[in-house]
Amino acid sequence: MFPPRIYPITDSRLTGLSHRLQVEALATAGAKLVQLREKHAAPRDFFEDAGAAIRIARTLGTKIVINDRVDLALALGADGVHLGQDDLPPETARRILGSGAIIGFSTHSVDQAISAIEKPIDYLAIGPVFPTRTKEDPDDVVGLAGIRAVRAAIGDFPLVAIGGIDDGNITDVLDAGADSAALISALLVPPDAIIENYSRLMSRF
C-alpha cells in the first residue's frame with residue numbers, strides 16, 4: 001500500500017549511523033519507503049551519504065524520499081521529496097522532479113490539510129501528533145483529535161501522521177484515521193536493533 005503503514009525517517013544525530021547504514025537496516029527489514037532527513041551535516045557530506053543510501057536502497061527494492069531538498073533529490077535521482085510549509089512549493093517541486101516523483105507535504109492544521117490536497121502531492125503529513133524530541137522548534141501538537149479532523153476534511157487522500165509516535169500509541173494513531181505512521185526514535189533506538197524494531201512493529205499490522 002502507499003503510503004506504507006510504517007514510514008521510517010532517518011536521523012544520523014540520534015543514531016550515530018550514516019544514512020546509508022540506516023537505510024540498509026530498514027530495507028533489509030522490509031521497508032519499502034524511507035525518508036532521509038538531515039538538518040545538521042555539511043551539504044557535501046549529506047550529498048555523499050544520501051547517494052550511498054540511494055544506491056543500497058536500489059539493490060534492496062526500497063524507495064528513497066529526501067526531506068526538504070528538491071535540488072539533492074534531483075541531483076541524486078531520489079524517488080521523491082518531502083516538503084515543509086516553508087520549502088519550495090509542491091508545484092515547483094513537481095515541475096522540477098517530474099510526474100513520477102513522490103512528493104509529500106507537511107501540514108499542521110485542518111486548514112493547511114484542505115489546501116494541501118489541491119496541490120500536486122502524493123500524500124500529506126499531519127503533526128506533530130504527540131510531543132517529539134527529534135525536531136527542533138516543533139509546531140503545536142495536534143493530538144489524535146487532529147488526525148480525526150484532518151481525515152474528515154480530506155476524505156480518502158493519503159495521510160501520514162508524524163510526531164512522537166511509538167509502540168504504545170501507534171495503534172491509536174492508525175485507528176484515528178492515518179494511513180501511515182512516520183517513525184523515528186521508535187525504529188532507530190537503539191541503533192543496533194533497527195531491524196528488530198521494524199519487524200516487531202510491522203508484525204502488528
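Select Asn-197 to begin: with a relative accessibility of 5%, Asn-197 counts as buried, because the cut-off for buried is under 20%. The model on screen is a predicted one. Asn-197 sits in helix α10, which covers residues 194-202. Display its contacts next. Leaving aside residues up to four places away in sequence, Asn-197 touches Ala-186, Leu-187, Leu-188, Val-189 and Pro-190.

Stay in the helix and select Met-202, which is also placed in α10. Is Met-202 buried, partly exposed or exposed? Its relative accessibility is 30%, so Met-202 counts as partly exposed.

From Met-202, draw a distance to Leu-74. These residues are 128 apart along the chain, and their C-alpha atoms are separated by 31 Å. Leu-74 belongs to helix α4, residues 70-76. Which residues does Leu-74 touch, beyond those up to four places away in sequence? They are Ile-96 and Leu-97. A further distance can be drawn from Leu-74 to Asp-122: the two are 48 residues apart in sequence, with 17 Å between their C-alpha atoms.

Now turn to the nonpolar core. The largest one has 65 residues. To find its most connected members, select Leu-36, Ile-66, Leu-124, Ile-147 and Leu-183, which have the most contacts inside it. Helix α3, residues 43-60, supplies the largest share of this core, with 6 residues. In soluble globular proteins, nonpolar side chains tend to be buried together.

Not counting residues up to four places away in sequence, Leu-36 touches Thr-10, His-19 and Val-23, then Phe-46, Ala-50 and Ala-53, and finally Ile-64, Val-65, Ile-66 and Asn-67.

The last stop is a pair of helices. Select α2, residues 19-29, together with α3. Their axes lie 8 Å apart and the helices pack at an angle of about 20°. Because angles under 35 degrees count as roughly parallel, α2 is roughly parallel to α3. The crossing of the two helices is right-handed.

To see the contact itself, show side chains on both helices. On the α2 side are His-19, Arg-20, Val-23, Glu-24, Ala-27 and Thr-28. They meet Phe-46, Asp-49, Ala-52, Ala-53, Ile-56, Ala-57 and Leu-60 of α3. Coloured by class, the contact of α2 with α3 shows 8 nonpolar, 2 polar and 3 charged residues.

Notes:
Residues are numbered from 1 along each chain as its sequence is written. This is a predicted model: local features need pLDDT of at least 70, side-chain atom pairs count only at pLDDT 80 or more; totals for chains, interfaces and linings use all residues. Side-chain values use heavy atoms; hydrogens and water are left out. A nonpolar core is a set of buried Ala, Val, Leu, Ile, Met, Phe, Trp, Tyr and Cys residues joined through side-chain atoms within 4.5 Å. Buried means under 20% relative accessible area, exposed over 50%, partly exposed in between (1.4 Å probe, protein chains only). Helices (H or I, at least four residues) and strands (E, at least two) are DSSP runs, numbered from the N terminus. Contact means heavy atoms within 4.5 Å. Axes are lines fitted to C-alpha atoms, for helices over the stretch in contact, and angles run from 0 to 180 degrees between N-to-C directions. Angles under 35 degrees count as roughly parallel, over 145 as roughly antiparallel, 65 to 115 as roughly perpendicular and the rest as oblique. A crossing is left-handed if the near helix is turned anticlockwise from the far one by less than a right angle, and right-handed if clockwise. Ala, Val, Leu, Ile, Met, Phe, Trp, Tyr, Cys and Pro count as nonpolar, Asp, Glu, Lys and Arg as charged, and the others, Gly among them, as polar.
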